[in-house]
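Reader: I would like to go through some features of a model and learn how to read them. Where should we begin?

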Amino acid sequence: MSNIAYFEEAFVPIDQAKISIKTHAFLYGTSVFEGLRAYWNPETKKLCVFRAAEHYARLKNSAKILRMDFDKTVEDLLKITQELLEKNNFQEDTYIRPIVYKADCKIGPVLLNNTDRLCMFAVPMGDYIDTQAAIKLSVSSWKRIDDNMIPARAKIAGSYVNTALAKTDAVLNGFADTIMLDDRGHVCEGSAMNLFLVKDDRLITSAITDNILEGITRDTIIQIAAKELGIETIERSIDRTELYFADEVFLCGTGAQISAAGSIDHYQIGTGQIGSITKKLQDIYFKLVRGEMPQYSNWVLTI
Ligand code: PMP
């Protein structure tokens with residue numbers, strides 16, 4: 001069975017979901033997107049889409065920044081997602097990519113008077129980065145884009161060139177991922193994931209005013225750390241050297257899930273292995289995203 005995509009208000013085989021080379025979004029990076037995961041639960045034989053409503057609320061905010069005329073509601077988007085997954089009949093962990101894009105064939109970057117369209121596809125996906133072993137990270141020499149350049153708070157396709165430069169440089173230098181600083185030298189986030197430190201049994205994560213995407217996994221971790229482990233999170237600016245002195249550091253995101261740092265810039269973090277608090281959070285996270293914690297069932301859309 002061919003993979004089915006949502007394109008121009010219809011479900012079509014993905015090979016037919018094609019845009020022109022003159023499309024504004026292709027010419028100028030003027031699309032916004034989300035990345036969602038649907039986890040396969042082998043017991044219930046159902047897919048569990050994690051915090052879909054929150055992803056779609058963020059998609060609508062990203063669209064607002066690009067002055068898009070995007071009238072689909074969160075409920076419309078949930079319905080399309082459900083239908084897309086049903087049509088593809090995946091029985092494994094899946095990644096869903098909705099995109100809202102400036103669809104007219106127009107030269108000139110202005111964001112006005114353009115048709116804003118939704119498309120969506122889904123593909124099977126396992127780990128994006130290692131979650132079973134601690135990974136090697138660097139601090140990137142590429143700076144994170146600032147709120148007054150391209151806001152990191154919105155998931156705008158064009159801004160991922162910043163991500164791509166940093167991640168590629170890290171990979172070429174033998175690191176699994178990289179940590180980006182802003183122009184003032186504060187820690188922002190990983191290439192496409194948020195970051196937490198563990199220090200003296202407390203969590204510290206960059207403030208939302210420090211040029212980060214306000215991650216849904218970040219929010220999930222703040223909530224489960226408090227409710228399940230009684231650990232509070234401090235949201236504040238983080239200096240680079242605080243990373244090296246932390247007891248534990250981990251990255252988190254829909255793609256990354258929860259991935260521990262073994263070293264940063266070749267400085268060993270903690271024991272160099274997955275730390276005990278990171279491990280506890282991973283155990284809880286992987287249960288709850290598969291719909292195995294009924295107290296969080298409002299976060300899981302079962303299909
Ligand atoms: N920061 C960036 C730049 C990202 O691309 C992502 C992935 N969406 C995240 C953080 C993590 O966000 P979330 O937990 O909502 O996936």
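Reader: Why is strand 4 (residues 36-41) largely enclosed by the rest of the structure?

Author: The model is predicted. Six of the six residues of strand 4 are buried, so the rest of the structure largely encloses this strand.

Reader: Which residues of strand 4 lie on each side?

Author: In a regular strand, side chains alternate between the two faces of the sheet. Here Leu-36, Ala-38 and Trp-40 are on one side of strand 4, with Arg-37, Tyr-39 and Asn-41 on the other. Both faces are covered, and these residues are all buried.

Reader: In which sense does strand 4 pair with strand 6 (residues 94-102), and with strand 5 (residues 46-50)?

Author: Strand 4 and strand 6 are antiparallel, with three bridges; Leu-36 has Ile-96 of strand 6 as its bridge partner. Strand 4 and strand 5 are also antiparallel, with four bridges, and Tyr-39 is partnered by Cys-48 of strand 5.

Reader: How many residues lie between strand 4 and strand 5 in their hairpin?

Author: Four residues lie between them, and Lys-45 in the turn has a positive phi of about 55°.

Reader: Which residues of helix 2 (residues 52-65) are buried?

Author: Ala-52, His-55, Tyr-56, Arg-58, Leu-59, Ser-62 and Ala-63 are buried in helix 2. They cover an arc of only 160° around the axis, so they sit on the same side of helix 2. On the other side, Asn-61 and Lys-64 are exposed.

Reader: What span should helix 2 have?

Author: At 1.5 Å a residue, its 14 residues should span 20 Å, which agrees with the 20 Å between its end C-alpha atoms. Just after helix 2, Arg-67 has a positive phi of about 50°.

Key:
Residues are numbered from 1 along each chain as its sequence is written. This is a predicted model: local features need pLDDT of at least 70, side-chain atom pairs count only at pLDDT 80 or more; totals for chains, interfaces and linings use all residues. Side-chain values use heavy atoms; hydrogens and water are left out. Buried means under 20% relative accessible area, exposed over 50%, partly exposed in between (1.4 Å probe, protein chains only). Helices (H or I, at least four residues) and strands (E, at least two) are DSSP runs, numbered from the N terminus. Two strands pair if DSSP finds at least two bridges between them. The expected span of a helix is 1.5 Å times one less than its number of residues. The arc is that of the directions from the helix axis to the C-beta atoms.
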